[in-house]
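This report describes the packing, the pocket and the charged pairs of one protein model. The sequence and the structure come before the account.

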Amino acid sequence: MPTKSLERLILEFNKLPGVGQKSATRYAFHILNQSEEDVKNFAEALLAVKEKVKKCQICGNYCESDTCNICSDNARNHNIICVVEESKDIMILEKTTKYRGVYHVLNGRLDPLNGITPNELNIKSLIERIGKDDIEEIILATNPNIEGETTAMYLAKLMKNFGIKITKLASGIPMGGNLEFSDTATISRALDDRIEIEI
């Protein structure tokens with residue numbers, strides 16, 4: 001029977017996505033067997049993330065200043081915005097080295113059954129960006145599942161009167177798949193072969 005402290009640590013690890021009881025227990029015992037210095041470094045890294053990381057005022061991506069590195073990079077094409085569901089999707093797209101535009105993070109996707117409506121997503125600031133900046137193209141890079149496709153179609157209809165090109169990633173990513181689990185070559189192909197959305 002684990003001690004109260006160990007039980008609490010297992011419980012906290014168990015709250016992480018994809019971490020079951022067995023993995024949580026393994027992680028907790030790993031921490032227990034680490035040196036005090038390693039554990040302190042781990043704890044400090046957790047606290048630093050909560051204290052220093054915030055959202056970019058322009059795109060909503062995670063950063064440690066008011067504007068993220070991508071939005072503040074003048075070498076990038078600021079006339080093309082790639083719309084993603086989560087910040088982690090940016091990391092995946094950036095690995096392809098194919099895309100040189102900027103991003104916009106929705107912080108989720110439409111899911112009315114779970115109470116996620118347009119008001120819960122970072123949509124208002126996207127529309128404001130399109131209205132004030134000289135945007136030529138919006139790439140909708142939502143995940144190819146029902147919620148992602150619904151979100152993409154909602155956004156496409158919302159933006160159709162702006163007179164800009166609206167595209168989405170090609171079908172190199174399988175329906176029901178997820179950007180997070182797609183390989184770099186597949187994502188590169190999906191970016192290269194993106195198709196224009198007709199509304």
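## Nonpolar cores

The largest nonpolar core has 38 residues, and Ile138 and Leu140 are those with the most contacts inside it; a nonpolar core here is a set of buried Ala, Val, Leu, Ile, Met, Phe, Trp, Tyr and Cys residues joined through side-chain atoms within 4.5 Å. Two or more residues of this core come from each of strand S3 (77-84), helix H4 (87-95), strand S4 (101-105), helix H5 (124-132), strand S5 (137-140), helix H6 (146-159) and helix H7 (184-192), and the largest share, five residues, belongs to S3. Apart from this core lies another, of seven residues, including Leu6, Ile10, Ala24 and Ile31.

Helices (H or I, at least four residues) and strands (E, at least two) are DSSP runs, numbered from the N terminus. The model is predicted, so that local features need pLDDT of at least 70 and side-chain atom pairs count only at pLDDT 80 or more, whereas totals for chains, interfaces and linings use all residues. Residues are numbered from 1 along each chain as its sequence is written, and side-chain values use heavy atoms, with hydrogens and water left out.

## The largest pocket

About 460 Å³ of space lies in the largest pocket, and of the 15 residues that line it, Leu9, Glu12, Phe13, Phe42 and Leu46 are the closest to its centre. On a 1 Å grid over the protein atoms alone, where a 1.4 Å probe is used, a pocket is an open set of points with protein on both sides within 12 Å along at least five of seven lines, and lining residues have an atom within 4 Å of a point. Grid points are joined across faces, edges and corners, and the volume is the space filled by probe spheres set on the points.

Helix H1 (4-14), helix H2 (21-33) and helix H3 (36-52) each give two or more residues to the lining, with the largest share, six residues, coming from H1. The lining divides into 10 nonpolar, one polar and four charged residues, where Ala, Val, Leu, Ile, Met, Phe, Trp, Tyr, Cys and Pro count as nonpolar, Asp, Glu, Lys and Arg as charged, and the others, Gly among them, as polar.

## Leu9 in helix H1

Leu9 has its place in helix H1 and, at 28% relative accessibility, counts as partly exposed; buried means under 20% relative accessible area, exposed over 50%, and partly exposed in between (1.4 Å probe, protein chains only). Leaving aside residues up to four places away in sequence, Leu9 touches Ala28 and Ile31, contact meaning heavy atoms within 4.5 Å. The C-alpha atoms of Leu9 and Ala24, 15 residues apart along the chain, are separated by 8.2 Å.

## Salt bridges

The structure holds seven salt bridges, each a side-chain nitrogen of Lys or Arg within 4 Å of a carboxyl oxygen of Asp or Glu. In one of them Glu12 pairs with Lys15, the closest N and O atoms being 3.1 Å apart; Glu12 is partly exposed at 38%, and Lys15 is exposed at 59%. Another joins the side chains of Glu36 and Lys40 (3.5 Å, N to O), both in helix H3 and four residues apart, about one turn of the helix.

The side chains of Glu85 and Arg109 also meet in a salt bridge (3.6 Å, N to O). This pair links distant parts of the chain, 24 residues apart, with Glu85 in the loop between S3 and H4 and Arg109 in the loop between S4 and H5. Glu85 is buried at 3% relative accessibility, whereas Arg109 is partly exposed at 25%.
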